[in-house]
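The sequence and the structure are shown first, and the description follows.

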Amino acid sequence: MTTPTRPFPFQDLPEDIARSVLEIAAENLRGAGLALTMVCKTVQAWTEPYLYRHIEVDNSAVAGRLHRTILSHKRPQIFALYVKSLSISHYSSWNAILDILDLCTGLNRIELHEVYMPQGAGVDVGVKIGKRQVWDKPRPKRLLLPASMFLPERMHFRCFNHGQEANPIFTNVTHLELLCTAETLTSWTWSTLSKLTKLTHLCLGTPPSLESPGLAEQLLASTISYLPSSLLLYVLSMPFSQYKPLSSTSRPDPRKGNPSKAVRQWLDNSQQLVEGSSGLDARLVFAVDKCHYDSCRGERWLNLVIWRYVAGPEARHDSDSGAFWRRAEAVVAGRRIKECHDDSESF
């Protein structure tokens, strides 16, 4: 005679062990967090901090569900306490994004991915920084934004004592990535960069294009004299394309010109900039998109740069995990070691 199996008596576990198990599940199992919040009020209180710790909005469905949850939640104050990271790469509803920001005032990281929003296009002026005060609430340490999110009078790094034109969102920033178009490059007051006394990591990026090395060169000339003394790393990102390069067997469309010629021109311009800037500042590192970095490994100057993903989930993960910054840090650390070695040999 077989004894009937009894379900695992989860309710018999000590409360601290049961809570730890559920917290780990909410943090690490995709979809588990939401399900656990519906078990009971006690489990909801245990798991909500993990469910909402990092919010990623990468499609309209997620944006819609999150918006409804925030507006209908019986304790909306939890979002200021629990949400520490907000990553957005889908912009179907800016009103939803602004409502989310309005409640998530305790953010340590804000990232707006995959959008440059050139002046006069891509986003309504009514939602820009300087027009909506909701942007002045958070004080993140890590920030990734298109420069064109700012109204013209806010295109600077002054955090205090500037009346209504101050940018308090920069107050505590240690890691900043600003995505710049040709228009924002010339409009930004780069001399105020020295005001960011807590800044340790800076990346200025350009849109993927044939002109990216030229824009990077302009950014370098505009900023190199104003880097704060706190800065440990300065990356200039100059991607050519967010897509994979054409293979040698692909037949180019004659209406679009010769893609291989365009890539060669971009490579030549990038090489000239990288080699010409060698020794300018030990903290300076250039970044190029991974697909062209991989396809042109024979280029010796590429040993002086790092690669990065330009768009897509890989780019978001690369940023979220900090891998992008670590690759750049390794380059700077290698230079420091070489300098120490050269100095020791000179004695």
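In sorting residues by class, Ala, Val, Leu, Ile, Met, Phe, Trp, Tyr, Cys and Pro count as nonpolar, Asp, Glu, Lys and Arg count as charged, and the others, Gly among them, count as polar. The model described here is predicted.

**The cavity**

A search of the whole structure finds one cavity of 30 Å³ or more. The largest cavity holds about 80 Å³ of space. Its lining is formed by Arg109, Glu111, Arg142, Leu143, Leu144, His175, Leu176, Glu177, Ser319 and Trp325. Strand 3 (109-112), strand 4 (142-146) and strand 5 (175-179) are the elements that give two or more residues to this lining. By class, the lining has four nonpolar, two polar and four charged residues.

**The nonpolar cores**

The largest nonpolar core has 71 residues, and Trp135 and Phe170 touch the most other members of it. Apart from this core lies another of ten residues, including Val235, Ala287, Phe324 and Ala328. Leaving aside residues up to four places away in sequence, Phe170 touches Leu143, Phe150, His156, Phe157, Cys159, Leu176, Trp188 and Leu196. Among these contacts of Phe170 are Leu143 and Leu176, and both of these residues also belong to the lining of the largest cavity.

**Helix 6**

Helix 6 spans residues 94-103, and its buried residues are Trp94, Ala96, Ile97, Leu98, Ile100 and Leu101. These buried residues pack against helix 4 (60-72), strand 2 (85-88) and strand 3. An α-helix has 3.6 residues a turn, so residues three or four places apart point the same way.

**Ala147 and two cysteines**

Ala147 is placed in the loop between strand 4 and strand 5. Not counting residues up to four places away in sequence, Ala147 touches Met155, Leu178, Leu179, Cys180, Thr184 and Trp188. The C-alpha atoms of Ala147 and Gly205 are separated by 9.8 Å, and the two residues lie 58 residues apart along the chain.

Residues under 20% relative accessible area count as buried.

| Residue | Relative accessibility | Class |
|---|---|---|
| Ala147 | 0% | buried |
| Cys104 | 0% | buried |
| Cys291 | 18% | buried |

Cys291 counts as buried because its relative accessibility is 18%, and the cut-off is under 20%. How many disulfides does a search of the whole structure find? The search finds zero disulfides.

Notes
Residues numbered from 1 in each chain as written. Predicted model: local features only at pLDDT ≥ 70, side-chain atom pairs only at ≥ 80, totals over all residues. Heavy atoms only, no water. 1 Å grid on protein atoms, 1.4 Å probe; cavity = no way out; pocket = protein on both sides within 12 Å on 5 of 7 lines; lining within 4 Å. Points joined across faces, edges and corners; volume = space filled by probe spheres on them. Helix = DSSP H or I, 4+ residues; strand = E, 2+ residues; numbered from the N terminus. Buried < 20%, exposed > 50% of the residue type's maximum accessible area, 1.4 Å probe, protein only. Contact = heavy atoms within 4.5 Å. Disulfide = S-S within 2.5 Å. Core = buried A, V, L, I, M, F, W, Y, C linked by side-chain atoms within 4.5 Å.
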